[in-house]
Amino acid sequence: MIMIPFAPPRIDQAIIDEVVAALKSGWITTGPRTKEFEKRLTAYCGNKSTLCLNSATAGLEIMLRWFGVGEGDEVILPAYTYSATANVVVHCGARPVLVDIGSDFNMNVANIKAAVTSKTKVIMPVDFAGLPCDYDAVLSVVNDPAVKNIFVPATKEQSKLGRILILSDAAHSVGANYKNKKTGALTDVSVFSFHAVKNLTTAEGGAIALNLPEPFDNDEVYKFLCVYTLHGQNKDALAKMQKGNWKYDIIEAGYKCNMTDLCAAIGLVELARYDSDMLVKRKLICDTYFNYFKQFDWAELPVLKDASRETSYHLFPLRIKGITESMRDEIMKRIFDKDVSVNVHFIPLPMLSYYKNMGFNISDYPVAYDTFAREITLPVFYDLTDEQLKMVCN
């Protein structure tokens, strides 16, 4: 029997043909396909401007640096997330402030408000498994007069915003909905991941969805970020290829994290069929799991849709009532023995050596630990067959 994998990418002839066309075009770095992908993402999400990069991680760090986050600053994020969310804060010299989650895997907004100090510059909600956070509630925290009064701006951008920035880690949630808006248009800035296991993949890649309020000019921010993410060079390869336009300048000590046209080629194919095909299949899989497991008293099911939100169906995180972490591990072992791949999302940050050594203790995050200890993520991918789906359920 062939093992059922966990989350292989969808690679079909349409993708192969577009990547080959990109190769034959001669544009294999950032070029016309990347710029077209940015435009189509903006139109799809309904935000104000979009920059594609080589990863969501780069996008998160670039936006922290753009906002001026540095030594002595604090960034609030959930204890229950992948390490990338916190690592970028550390890279900037700031301190991650971890808060516990709610029953839906996302940050508990009450915990956010309690964690705010005069050092807080950014809140980074995480749309776990593709389910959007309650962004109106997070916005109400940063706009609370008591919270705004203790905000201490230290840069031009911070003064212009006049409050804590909401930087959404939307790595899981492209295509999700909150109050009839798509992720990307829900808050100040959202950052997507297009990694190989994501719903919408470009092999590796990510995007910054800019949606900053007035008086920011999102197109101007986009133009600056294009320079900032390409060594601080004021002309990209596309511009330099124009006749006689070779001369360039370095106006920032920038970074190197641009997306390539080879990656964008995959993304263009996937985005064109995302709502009509990819999301339809992933919803079918998650609904099948939900309807099957709801008959069992021991199953605690994830929120797929409620009055204000619908997930992007990125993951199906099943929790099992009344078990310990070691029991969960044994259950997973027996599932693997049946040739079915499962996973856990995620090991909470306070349980990881680096963050333990920073002084974080998982006992301070009881909901995150309880959630982790009982969670098993089931396979969700486009090519999962009905027969395989039944096998996973069994």
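Q: How many of the 394 residues count as buried, as a percentage?
A: This is a predicted model, and in it 55% of the 394 residues count as buried.

Q: OK, and what radius of gyration does the chain have next to a compact globule?
A: The chain has 21 Å, and a compact globule with 394 residues would be near 21 Å, so the two agree. Along the principal axes, the C-alpha atoms fill a box of roughly 65 × 55 × 40 Å.

Q: How many helices and strands are there?
A: The chain has 16 helices and 13 strands.

Q: Let's go inside. Which residues have the most contacts in the largest nonpolar core?
A: Leu 64, Met 124, Leu 167, Ile 208, Leu 225 and Tyr 289 do, in a core of 95 residues. Helix α3 (residues 56-66) gives the largest share of this core, with seven residues. There is also a second, separate core of 21 residues, with Phe 194 and Leu 41 among them.

Q: Back to Tyr 289: what is it in contact with, leaving aside neighbours within four places in sequence?
A: Its partners include Phe 316, Leu 378, Pro 379 and Val 380, as well as Leu 389 and Cys 393.

Q: Now the surface. Which residues form a nonpolar patch there?
A: Ile 11, Ile 16 and Val 20 do, with about 240 Å² of accessible area together.

Q: Where is Val 20 found, and why is it called partly exposed?
A: Val 20 is in helix α1 (residues 13-25).

Conventions: Residues numbered from 1 in each chain as written. Predicted model: local features only at pLDDT ≥ 70, side-chain atom pairs only at ≥ 80, totals over all residues. Heavy atoms only, no water. Patch = residues over 30% accessible without salt bridge, like charges linked within 9 Å, V, L, I, M, F, W, Y side chains within 5 Å. Areas by Shrake-Rupley, 256 points an atom, 1.4 Å probe, with all protein chains shown as cover. Salt bridge = Lys/Arg side-chain N within 4 Å of Asp/Glu carboxyl O. Helix = DSSP H or I, 4+ residues; strand = E, 2+ residues; numbered from the N terminus. Rg over C-alpha atoms; globule rule 2.2 N^0.38 Å. Buried < 20%, exposed > 50% of the residue type's maximum accessible area, 1.4 Å probe, protein only. Core = buried A, V, L, I, M, F, W, Y, C linked by side-chain atoms within 4.5 Å. Contact = heavy atoms within 4.5 Å.
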